[in-house]
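Please look over the fold below. The report takes the sheet and its helices, then the cores, then a few backbone details.

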Amino acid sequence: MTTNELNDGSPGDQNHEKLEANLSRVEDLTQRLLAAMSHRRETRQSLQGPAPELYTKAAGAYLTEMMNNPGKVFEQQIAFWGKTVKHYVEAQHVLAQGKIAAPADPTPADRRFVNPLWETHPYFNFVKQQYLLNAAAIRDATAAVEGLDDKERKRLDFFSGQIVDMLSPANFLGTNPDALTRAVETEGQSLIDGLENLVADLEANHGDLVVTLADRKAFRVGENLATTKGEVLFRNRLFELIQYAPTTAEVHKTPLLIFPPWINKFYILDLKEQNSLVKWIVDQGYTLFVVSWVNPGSAYRDTGIDDYVQDGFLRAMSEVKAICDVKKINVVGYCIAGTTLSLTLALMAKRSDASVNAATLFTALTDFADPGEVGVFLNDDFLDGIVAEVAETGVMRSYFMSRTFSYLRSNDLVYGPAIKSYMMGQAPPAFDLLYWNGDGANLPGKMVVEYLRGLCQNNEFAGQGFTVAGEVVQIGDVDVPVFSVACETDHIANWPACYAGLQQMGSAEKTFLLSGSGHIAGIINPPAKNKYGHWTNPDLGLTNAEWLAGADQHDGSWWPTWERWLHGKSGKMIPARMPGDATYPSLGAAPGIYVTAKPDV
């Protein structure tokens with residue numbers, strides 16, 4: 001009797017066939033997984049985490065504390081032991097009563113544990129409560145370590161927290177009720193799909209594990225992202241200059257030029273029509289230009305900040321003035337481009353160049369004395385690794401920047417997406433902002449070292465001065481009217497540091513606005529959504545805490561508030577300018593070619 005004769009079409013037979021098919025897929029996927037891992041690029045240990053000296057010093061300080069003040073240490077341990085045993089006894093007591101239920105749960109709400117089974121099921125609740133008790137004990141222990149300076153303490157807290165977050169029971173199949181339930185419901189299909197997602201991510205990233213955050217097939221730059229009409233009117237080795245087509249009969253005489261960050265692509269400003277800052281600015285009656293930076297390959301290893309300032313910022317300003325036949329323009333710099341715009345403005349002041357009428361900074365650090373959360377990566381252990389990396393490859397690959405920023409929000413940008421993709425087999429969402437977030441760019445080797453050493457680590461622009469194009473410039477040299485926008489929960493550009501930098505500028509007119517939300521959502525916040533709100537306070541002589549305490553709170557987007565300021569800096573209304581003419585013919589339609597070009601590294 002053959003296998004086919006035994007198969008009578010019953011549910012059991014069908015399940016057996018599905019199991020055999022899944023086992024076959026597992027074998028195939030395992031081979032692909034091993035092949036992808038065999039091609040994994042070696043990553044320097046110094047780029048994986050802080051040097052061991054940090055933990056050695058912390059352990060030594062803890063041991064010293066134990067020797068000098070054993071009562072304090074034992075008090076912490078006994079408190080932890082007491083909570084642990086109490087929780088165990090309570091769980092046993094409920095079970096002894098014949099109840100398949102969890103004991104009282106005093107732990108705080110946590111987005112990682114929203115499934116009701118974390119609260120009601122005795123196994124999952126016990127695991128969750130024990131994890132949270134352990135996490136609290138580790139936080140208390142690190143907080144009690146003495147003998148560390150402020151920077152060391154922040155780094156210890158951050159990297160210890162990374163380990164704690166990594167060990168969350170939600171991150172493991174055997175202790176994740178969502179993943180286990182879905183595996184049962186799908187007869188294991190979710191685990192097969194998850195393995196497929198894992199292998200695909202490894203293959204797409206040369207063996208490096210980078211979680212895909214958004215459906216890569218759902219978007220095409222120039223088709224359903226970055227679709228505002230415009231033309232590329234200038235191109236050099238660093239950037240393309242895009243002029244957008246007007247949507248109003250008249251425009252302000254003074255054009256506006258935006259410099260986006262070159263860590264990512266410019267189309268964060270022009271995702272979709274509903275949330276496009278580019279389209280909104282054009283609709284308000286402005287002649288708008290945006291720089292699209294090149295995604296550099298190894299040939300750009302010797303491109304430095306001087307090149308970005310002279311062949312990027314100053315050249316783009318010159319071209320806009322010529323295209324519009326004006327002597328002055330308004331400018332915007334976002335993130336690292338805001339920092340570099342400030343350097344450029346200081347240089348222009350030294351040269352008596354009055355081309356800029358007014359400047360706006362979006363989440364831009366100029367004083368790095370307290371850069372916030374990102375400061376944990378600005379020590380020699382990491383920076384020495386970056387120097388070695390760029391010496392070998394010529395660039396700081398986008399992979400490293402993306403991973404660094406993701407771990408600043410690891411539960412939201414690493415572990416949460418990994419659980420959904422790899423353990424539950426879900427396809428990533430069609431989310432435009434997350435698609436953009438995964439579309440990073442490289443940084444030229446020389447430029448990234450100059451930026452990280454001279455500006456971030458040594459804080460030269462706010463201190464003894466930073467050398468640009470042969471001139472030593474400082475924050476106080478900036479003398480044009482400045483409008484600075486920072487974001488309340490920004491983990492990349494700490495808002496008090498943005499405020500401190502603006503305070504030190506030499507401009508007679510300075511405006512500071514604090515937006516709700518973070519580095520991206522706080523900036524890309526269209527008025528139609530009426531989200532987040534913002535704060536204003538004209539008194540910049542206050543500390544940041546005093547400024548916020550006395551600030552007026554406003555509902556919704558900050559865009560209209562900024563536009564009222566910009567309106568007063570942009571001159572009279574004139575007939576709308578169309579992009580392109582005989583002198584500046586179109587080199588192609590927006591969004592151009594640099595935004596999708598693939599570098600060699």
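Axes here are lines fitted to C-alpha atoms, for helices over the stretch in contact, and angles run from 0 to 180 degrees between N-to-C directions. Helices (H or I, at least four residues) and strands (E, at least two) are DSSP runs, numbered from the N terminus. Contact means heavy atoms within 4.5 Å.

This is a predicted model, in which local features need pLDDT of at least 70, side-chain atom pairs count only at pLDDT 80 or more, and totals for chains, interfaces and linings use all residues. Residues are numbered from 1 along each chain as its sequence is written, and side-chain values use heavy atoms, with hydrogens and water left out.

**The sheet**

Ten strands form an open sheet with mixed pairing. Their order is E1-E2-E5-E4-E6-E7-E12-E13-E14-E15. E1 and strand E15 (552-554) stand at the edges with a single partner strand each, so one side of each has no neighbour in the sheet. From one strand to the next the twist averages 20°.

Two strands pair if DSSP finds at least two bridges between them.

| Strand pair | Sense | Bridges | Residues opposite each other |
|---|---|---|---|
| E2 (residues 239-244) and E5 (residues 288-293) | antiparallel | five | Gln243 and Phe289 |
| E4 (residues 256-259) and E5 (residues 288-293) | parallel | three | Ile258 and Val290 |
| E6 (residues 329-334) and E7 (residues 356-362) | parallel | six | Val332 and Thr360 |

How many of the residues of E5 are buried? Six of its six are, with buried meaning under 20% relative accessible area, exposed over 50%, and partly exposed in between (1.4 Å probe, protein chains only). Leu288, Val290 and Ser292 point one way from E5. Phe289, Val291 and Trp293 point the other way. In a regular strand the side chains alternate between the two faces of the sheet.

Helix H11 (residues 305-324) lies across E1, E2, E4, E5, E6 and E7. H11 runs at about 30° to E2. Helix H20 (residues 559-567) lies across E4, E6, E7, strand E12 (482-487), strand E13 (510-515) and strand E14 (534-536). H20 runs at about 165° to E7.

H11 also packs against helix H12 (residues 336-350). Their axes are 10 Å apart, at an angle of about 80°. From H11, Ile305, Val309, Phe313, Leu314 and Met317 take part. From H12 they meet Ala337, Thr340, Leu341, Leu343, Thr344, Leu347 and Met348. This H11 to H12 contact has ten nonpolar, two polar and no charged residues. By class, Ala, Val, Leu, Ile, Met, Phe, Trp, Tyr, Cys and Pro count as nonpolar, Asp, Glu, Lys and Arg as charged, and the others, Gly among them, as polar.

**Nonpolar cores**

A nonpolar core is a set of buried Ala, Val, Leu, Ile, Met, Phe, Trp, Tyr and Cys residues joined through side-chain atoms within 4.5 Å. The largest one holds 89 residues. Which of its members touch the most others? They are Leu257, Phe259, Met317 and Phe512. H11 gives the most to this core, with ten residues. Apart from this core lies another, of 46 residues, among them Ala214, Tyr334, Cys335 and Trp558.

Met317 is worth a look. Leaving aside neighbours within four places in sequence, Met317 is in contact with Leu257, Phe259, Ile329, Val331, Leu341, Thr344, Met348 and Val356. In soluble globular proteins, nonpolar side chains tend to be buried together.

**Backbone details**

Most residues other than glycine have a negative phi, and most peptide bonds are trans. Ala226 is not a glycine, yet has a positive phi of about 55°. Ala226 sits in the loop between helix H9 (189-204) and strand E1 (230-235). At 2% relative accessibility, Ala226 counts as buried.

Asn459 also has a positive phi of about 55° and is not a glycine. The loop between helix H17 (445-457) and strand E10 (466-468) holds Asn459. Asn459 counts as buried, at 14% relative accessibility.

A cis peptide bond joins Ala590 and Pro591, with omega about 10°. Pro591 lies in the segment after strand E16 (573-575).
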